[in-house]
Amino acid sequence: MTTSTTLPVQAIDELIVDALRHRVGKDERAAKPHDWYTATVYALRDHVIDRWMESTRRTYSEGAKRVYYLSLEFLIGRLLRDAMTNLDLASALERALSKHGFDLSELGELEPDAALGNGGLGRLAACFMESLASLDIPAYGYGIRYVNGMFRQRIVDGWQLELPETWLSHGNPWEFDRRESAYRIGFGGEVVSKGDGVTWHPAELVEASAVDTPVVGWRGKRVNTLRLWTAHALDPIKLDAFNAGDHVGALEGEARAASLVRVLYPADSTPAGQELRLRQEYFFSAASIQDILRRHVQHHGAVHTLPDKAAIQLNDTHPAVAVAELMRLLVDDHGLEFDDALAITRKTIAYTNHTLLPEALESWPLPLFERLLPRHMQIIYAINSRVLREARRSGLDDAAVAAISLIDEGGERRVRMANLAFTGAHSVNGVAALHTELMKQTVFHDLHTLYPDRINNKTNGVTPRRWLMQCNPGLTGVIRDAIGDAFLDDAEQLQALNALAGDKALGERIAEVKRSNKVALAAHLRDLTGIRLDPDALFDVQIKRIHEYKRQLLNLVETVALYDQIRSHPERDWVPRVKIFGGKAAPTYHNAKLIIKLANDIARRVNTDPSVAGLLKVVFVPNYNVTLAERIIPAADLSEQISTAGMEASGTGNMKFALNGALTIGTLDGANIEIKDRVGDDNIVIFGMTAEEVAERRAGGYDPRAVIEGSYELRQAVEAIAHGVFSPDDKDRYAGLMGGIYDHDWFMVAADFDSYAAAQRDVDARWLDQAGWRKAAIHNIANVGWFSSDRTIAEYARDIWGVL
């Protein structure tokens, strides 16, 4: 359903002024910019609400099946530009505000980034929610309304300092409290017999209360709901304790409940941290499943029809406990036989895996799990007994049966959440072709043998509305002039640019837009960091979560080697480069935080060295988030996608950069392989070992010390870092980090270094041929429309959810 959303400027103006007066409570003459921003959101929101209600009524009247997307993260960024673009109201809003002397883009800068996620997992969830609405698929997203997010990153003397996010300090005009959607969530206690069944009596109860945010689809086709849970104690204050003088203790219950929604990914290096993580995951999963089941029973009656009306997608293992929670409700509350409940659960639930890293496949100490969720532990044992008997009947050996088990019996007994998700779902998908095949061969090898039809691939995608049209309007305008508007509704229509890749005038126009974006980014980064950047240099960008497998360290070691080469050979025709890094390290991840410090130490040395002035700059951008990505990606010339082959599930940054005309330097990992297949070998720079070669190297007695000694540039760079050249205040600061490369080099930094360095010099040669570079950039833009999240969601809808 597509309808016009355009409103006259005068009508928009009246809506804004009315909201300013009657909802913000300010006269036009006294109102400050933040008042006008809030009034603008309210005015736009009113228009959204009408469509939201119409979408909901239509879903009920049609008896449509809904998709329920459970994710611990939703990295939605700012919503004003997203909503007004998708409703085609940006121009009217801009003109209405200009009558009052305000610039819409400047007011938009007052909107904080919603601190509801950290990396690719959360941003993918946000793209999927927008595409679900754009494809007119009824859906709810379920997550947690984090008060303080993960953290706000500040760089102090080069070190990451974690501070709380304060995005809700002035409220959030986009959200709606839904007090009627509140559920009691239990922890601990005991399970007692009751007739032919059992009853769980939790020792502790908290209330989960819903807060809804509308998600607007392209052209206002549909508005779906992002439902986030907040937590409260049943008794916010113990008055008897308070009146007895224990003023702090009287608030303990509320503080304990509030801890569930304070921080994303609380550090789990302590038993208390592990318990909070598990409590968080159960809290949001249980509230979501109760809400889904309540809605189904209210509108459709018997729970037996749940798979016909609900498709529940688990975004990674965080909500895996939803399998046990749905089973509990079906068996204990609705009286189903266990096997009937399991059949319904499996038909309803599907699971997306996002990692091959064993440490990221969540598992919980069994005593902790059983203490917090005793009934769920019983259910997991019961599911496990059925799965293991099935495995025995199929002829699997003892090792395979042990690997399939939902309980890891080796050493400390642990509950394997990925195995629970796998065995409790009808579909298990990977997020890139290579990742899916590696799932079958590695982490889920034995489960795949038992259930050979369950694993499927759904290569990730990104929404072209935010990651092209909104963040890069200049490029969007050039493309519209070149090939028309069809790509606005179908990103794969960008392929029409292939025929124009050699057009000199088009290449020059795209290059002009790129330079303009680089000028804007350089100005922003100068304000942010104080570092001056040359917009005519090659902008070489690696922005993503800091992790050793993503190999920011490889990039930094090569930066040091390049620095040495420029100083040693000033006579060469070096390509001026700006190395841009950004990303957060988990607070307890020592090596990742050390990598951030190294990036800043290298920047401090390189940026003040006159011998490389104009040829090399390094900048670490603090507090990387969606809004910064929207500034950086359109300005990037080179996209660093250099993870150790076989370790990145997919990546979505690679897609965003290519869509904005950056060339990729990368390994044959994740979605890089499919990007290469789409854009062509001549339009991407591939280096390094394959996943198979990495596995063989690890198994065959790899000696990284010999590799380092055999590479002059690598040895010089590693020794310089290890011996304190970049850390004169603490010469041993990086000895351990470099020692890891010498001793085991699990992430193959040394093994891939020479190939990576050669690939970077190939990039230099390509850059010097600007006509060829522009042609390659156009081919990238033209051929990555397939990586739209609209295509991904359509595949989920058709193959997994049954809603298209």
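Analyst: Let's start with a term: a crossing of two helices is right-handed if the near helix is turned clockwise from the far one by less than a right angle. Keep in mind that this is a predicted model.

User: Okay, which hand does the crossing of α9 and α11 have?

Analyst: The crossing of α9 and α11 is right-handed. Helix α9 covers residues 271–300 and helix α11 covers residues 322–333.

User: What makes the contact of α9 with α11?

Analyst: On α9, the residues include Tyr282, Ala286 and Leu293, and on α11 they include Ala322, Leu326 and Arg328. By kind, the residues of this contact split into eight nonpolar, two polar and two charged.

User: How do you know whether Asp564 is buried or exposed?

Analyst: Asp564 has a relative accessible area of 12%. Buried means under 20%, so Asp564 is buried. Asp564 sits in helix α23, residues 552–568. Leaving aside neighbours within four places in sequence, it is in contact with Gln716 and Ala717.

User: Which residues have the most contacts inside the largest nonpolar core?

Analyst: Those are Leu70, Ile185, Phe283, Phe369 and Ile383, in a core of 220 residues. Not counting residues up to four places away in sequence, Phe283 touches Ile185, Trp229 and Leu260, among others. A second, separate core has 56 residues, including Leu488 and Ile675.

Terms used. Residues are numbered from 1 along each chain as its sequence is written. This is a predicted model: local features need pLDDT of at least 70, side-chain atom pairs count only at pLDDT 80 or more; totals for chains, interfaces and linings use all residues. Side-chain values use heavy atoms; hydrogens and water are left out. Axes are lines fitted to C-alpha atoms, for helices over the stretch in contact, and angles run from 0 to 180 degrees between N-to-C directions. Helices (H or I, at least four residues) and strands (E, at least two) are DSSP runs, numbered from the N terminus. Contact means heavy atoms within 4.5 Å. Ala, Val, Leu, Ile, Met, Phe, Trp, Tyr, Cys and Pro count as nonpolar, Asp, Glu, Lys and Arg as charged, and the others, Gly among them, as polar. Buried means under 20% relative accessible area, exposed over 50%, partly exposed in between (1.4 Å probe, protein chains only). A nonpolar core is a set of buried Ala, Val, Leu, Ile, Met, Phe, Trp, Tyr and Cys residues joined through side-chain atoms within 4.5 Å.
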